[in-house]
Amino acid sequence: MNNVTLVVSSCDKYEDAWYPYFELLKKFWPQHPEKIALITETKQYCTEGLNIKTYNYPESYTWSERLYKTLESIDTKYIILSLEDFFLLDYVKQEKIDECFALMESDDNIGECRLYGTNHSKLQKTDKYGDFYIAGKNMSYRVDTQAALWNKMALMDLIDLSETPWQFERNASIRSNETDNLLLWYHVDDEENIEQMIFPYKIEQRFGYGIAWGGWLWNNKAWFEQNGIQNVRYNRLGTISKKATFRRFAHLYNQNPSKIDKLIRPIWRSFILLRKIVANLLTLGLKKGLSVSWKQK
């Protein structure tokens with residue numbers, strides 16, 4: 001792991017997630033890379049036992065620009081990309097990361113080993129790569145921001161400096177079709193079985209972990225406290241309940257909305273925007289909070 005840097009992409013708004021993220025990292029990944037890069041705008045973070053270097057960038061920089069500039073400054077050939085709310089729920093399977101690392105060292109055509117497990121039907125199984133299946137060209141969201149071991153240069157080649165993370169996932173997937181790099185995804189039989197995961201976290205909102213729609217999901221607090229992580233600030237982002245989460249999917253994101261849903265959706269979206277504005281003001285202060293809120297409106 002001496003030739004790997006853990007890159008945690010974040011922003012000032014979500015600084016409250018750094019403490020639980022890194023405490024869980026220390027507990028559940030004792031063989032983590034020694035070098036850790038934290039990307040944000042102005043804040044700094046350090047904690048005992050971890051070698052974290054914070055990379056700060058002006059607010060005007062896009063998500064992709066901050067990531068690219070950080071990768072330029074990193075001196076390792078490989079990086080593991082993570083977001084700040086990939087909260088570990090079990091021990092990282094270091095032996096599988098070592099296996100992935102060995103594959104990439106033996107074949108320079110491998111650009112990525114995606115560590116977040118999936119049983120996507122379009123993945124191509126081969127004898128050569130074992131549990132790592134090939135994500136074929138023209139597969140939707142062939143490139144994403146889930147935890148992955150990347151050849152740094154292969155990732156940099158896919159970045160457009162103007163993009164948000166959501167634009168990056170969509171557009172970099174298209175750009176990847178023009179390269180010869182192999183993108184490998186870790187295959188599991190059961191996507192919901194945390195014991196099968198290399199990097200065991202759950203990012204889908206229905207599981208209740210991580211941050212969604214700018215707020216904490218409901219299961220985080222109990223998990224943090226179970227692992228001795230106290231004094232996390234929940235009030236600034238607020239917590240979205242299980243009921244509210246499933247209500248959003250049932251009514252706000254339903255592809256076949258009822259007449260009532262069509263009537264209440266504008267009101268609901270206005271409430272969500274107001275909630276984001278309050279969170280921005282509490283986490284970023286008046287001037288920056290208003291600026292970010294204006295961009296999100």
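This is a predicted model: local features need pLDDT of at least 70, side-chain atom pairs count only at pLDDT 80 or more; totals for chains, interfaces and linings use all residues.
Residues are numbered from 1 along each chain as its sequence is written, and side-chain values use heavy atoms, with hydrogens and water left out.

So, the big picture. We've got nine helices and 12 strands; those are DSSP runs, H or I of at least four residues for helices, E of at least two for strands, numbered from the N terminus. Of the 297 residues, 54% count as buried, and buried means under 20% relative accessible area, exposed over 50%, partly exposed in between, with a 1.4 Å probe and protein chains only.

Now the rings. The whole structure has 18 aromatic pairs. Rings of Phe, Tyr and Trp (its six-membered ring) pair if their centres lie within 6.5 Å; planes under 30 degrees apart are stacked, over 60 edge-to-face, the rest tilted.

Take Y57 and Y61: the centres are 5.7 Å apart and the planes at 20 degrees, so that's stacked. Y57 is buried at 11%, whereas Y61 is partly exposed at 26%.

Then there's Y116 with Y201, a tilted pair, 4.5 Å centre to centre and 35 degrees between planes. Y116 sits in strand β5 and Y201 in the loop between β9 and β10, so the pair ties together parts 85 residues apart in sequence. Both are buried, Y116 at 10% and Y201 at 1%.

And these two belong to a cluster: ring pairs link W29, F86, Y116, F199 and Y201.
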